[in-house]
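Dear colleague,

Please find the structure below, handed over for your records. My findings follow it.

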2 protein chains.
Amino acid sequence: MNIGIVGLGLIGGSLGLELYTHRQQTQAQISNNPSASPSPSYRILGISLEQKICDIAVKRGVVDEASVDLSLMSQADIIFICTPIAAIAPTVAKLIPYLQPHTILTDVGSVKKPIVENCSALWPNFVGGHPMAGNTQTGINAAQHHLFVNKPYVITPTANTPLESIKIVESIVDLLQAKIYHCQPEEHDRAVAWISHLPVIVSGSLIASLRQEDNPDVALLAHYFASSGFRDTSRVGGGNPELGLMMAKYNRDALLRSLQSYRQTLDKITTYIEQEDWQTLEKQLHQNHSDRLKFNL
Amino acid sequence: MNIGIVGLGLIGGSLGLELYTHRQQTQAQISNNPSASPSPSYRILGISLEQKICDIAVKRGVVDEASVDLSLMSQADIIFICTPIAAIAPTVAKLIPYLQPHTILTDVGSVKKPIVENCSALWPNFVGGHPMAGNTQTGINAAQHHLFVNKPYVITPTANTPLESIKIVESIVDLLQAKIYHCQPEEHDRAVAWISHLPVIVSGSLIASLRQEDNPDVALLAHYFASSGFRDTSRVGGGNPELGLMMAKYNRDALLRSLQSYRQTLDKITTYIEQEDWQTLEKQLHQNHSDRLKFNL
């Protein structure tokens, strides 16, 4: 089997690194113990926009072969599209002339409904995926071992996704030691809106609202006094602006749905404070405390 | 000089521990080097509601002497009131019969305007204070060394606070190696509303809004997928309910002022997303990113 990876950044690079290393380790075990199960026979083929990245990927043991030319993907049986979200569907369109009829396409985008809709229309043998792993770094040099271990890897098939293709994607994801989840694309998008995209807007609005302080002495004191509470609550709101923009653009409907609910909740709690309804506020704060303990954080 | 501490919990206990240890270390240095500056001659006297806490405080070297009887404070030249916020003004009222005319009262409450107003009316020689240090633990057994080192210690005098009293409070705070700030009580309350109290409501509303999800599968997936972004943004909102209630009760006006501004900002950003005004949203996200870097977090 030939596994293609288009886009050799943090995710694509770490995926290749993990698969490459797994194969080398298994082969080493077999040469020490000939009765072991047969060696995984896959090759890993990478695509990057830059020849320099291709060279690094081969040198670091991320891929067996890499090219800036998409025609390399004509050898692939399954291709992981690891580009930024905006490039996923355009990449599928560009790949089509090179694909074999049986080739499976899968992606790693953090939003699923629009991607699955667009890509499945272009290539029906498409399996939406989202490994929920990452860090603040980017690029091939940030690629790392064990990035996906124990992290959710969400697979979002539709009613029309070939079952055999889902199984093949899963068999590769299993090698990453990720936790596999299945759900509909829309359920995925609503869930990540709650725990990933809504927090960016909630947290960013905290930073932005402080800018409204009209007393410069108070604003200065707020900067002096800010500590762990403000640090944690404002962290994701002060993160990568490009990522924030992408999630708002591509997950707009689910994000607005969560934002509407958030605003109603904020208004409700504000009213408790305005009306000095301390008993209800206390009940709410206890509920928040116990609700948060139910998350595995 | 006799220093009184009323309330031997995390803050009162750590304050005593630090002053006690400082005196012992300075005395040890003097006995090794008789030409050193003279020994600090203060005694530390503690008050707790429970005899058991008094015994621990003496045993741990937090205070020289402790009692459940406020009459011990008749020996004090300065008294740090380290009770929960709600008990500060009532404690001042109870202390008055025992105070010497020159005794300075100061507190460690996290809200200043109502406390300074009420306590100064009862005892004009009152200096509002707020050491911005702490952790999630409470009680005498959580008392620790170096709790105040490099942390803000805010002093909030009014136009009528005796200058000599401010200086004496400062001379003791200096021994804690805290960073001293001065501001008006109202400025303090507005600044901490921004960086401490608003984040609790913003973060708590995130937890509470998730409860509104009407699709149980989506709610479950949100729990499975929640990771560092949700963890950090929801942390203070899932914190101690009693502390959250106290800050809302005692800093209501400043908190509502920040909440109003926060809601306007949230609505503005939501509108960018609704109207797909991606250019303005991108500008806002960049602004948030650079604004956050200006905090010393």
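The notes below go from conventions to the single chain, then to the interface and two residues.

This is a predicted model, in which local features need pLDDT of at least 70, side-chain atom pairs count only at pLDDT 80 or more, and totals for chains, interfaces and linings use all residues. Residues are numbered from 1 along each chain as its sequence is written, chains are lettered from A and ligands numbered from 1 in the order in which they are written, and side-chain values use heavy atoms, with hydrogens and water left out.

Chain A contains eleven helices and eight strands (DSSP runs numbered from the N terminus: H or I of at least four residues for helices, E of at least two for strands). The C-alpha trace of chain A spans about 75 × 40 × 40 Å along its principal axes. Of its 297 residues, 54% count as buried (under 20% relative accessible area, with exposed over 50% and partly exposed in between; 1.4 Å probe, protein chains only). Where contacts in chain A (heavy atoms within 4.5 Å) link residues at least 6 apart in sequence, 68% join residues at least 24 apart.

Between the chains, 87 residues from chain A meet 87 residues from chain B. The area buried between chain A and chain B is about 8400 Å², and carbon and sulfur atoms give 68% of it (accessible area, 1.4 Å probe, that two parts lose on being put together, summed over both). Trp194(A), Phe225(A) and Arg292(A) supply 9% of the area that chain A buries against chain B, more than any other three residues.

Helix α9 (residues 241-250) of chain A packs with helix α11 (residues 278-293) of chain B at an angle of about 145 degrees, their axes 9 Å apart (lines fitted to C-alpha atoms over the stretch in contact, with angles from 0 to 180 degrees between N-to-C directions). Leu245(A) lies in α9 of chain A and touches Trp278(B), Leu281(B), Glu282(B) and Leu285(B), leaving aside residues up to four places away in sequence. Leu245(A) is buried because its relative accessible area is 6%.

Asn251(A) is found in the loop between α9 and α10 (252-274) of chain A. Asn251(A) counts as buried because its relative accessibility is 3%. The side chain of Asn251(A) reaches the backbone oxygen of Asp189(A) at 3.0 Å, a polar contact (N or O atoms within 3.5 Å, one able to donate a hydrogen and the other to accept it; residues adjacent in sequence count only if both atoms are side-chain atoms).

With kind regards
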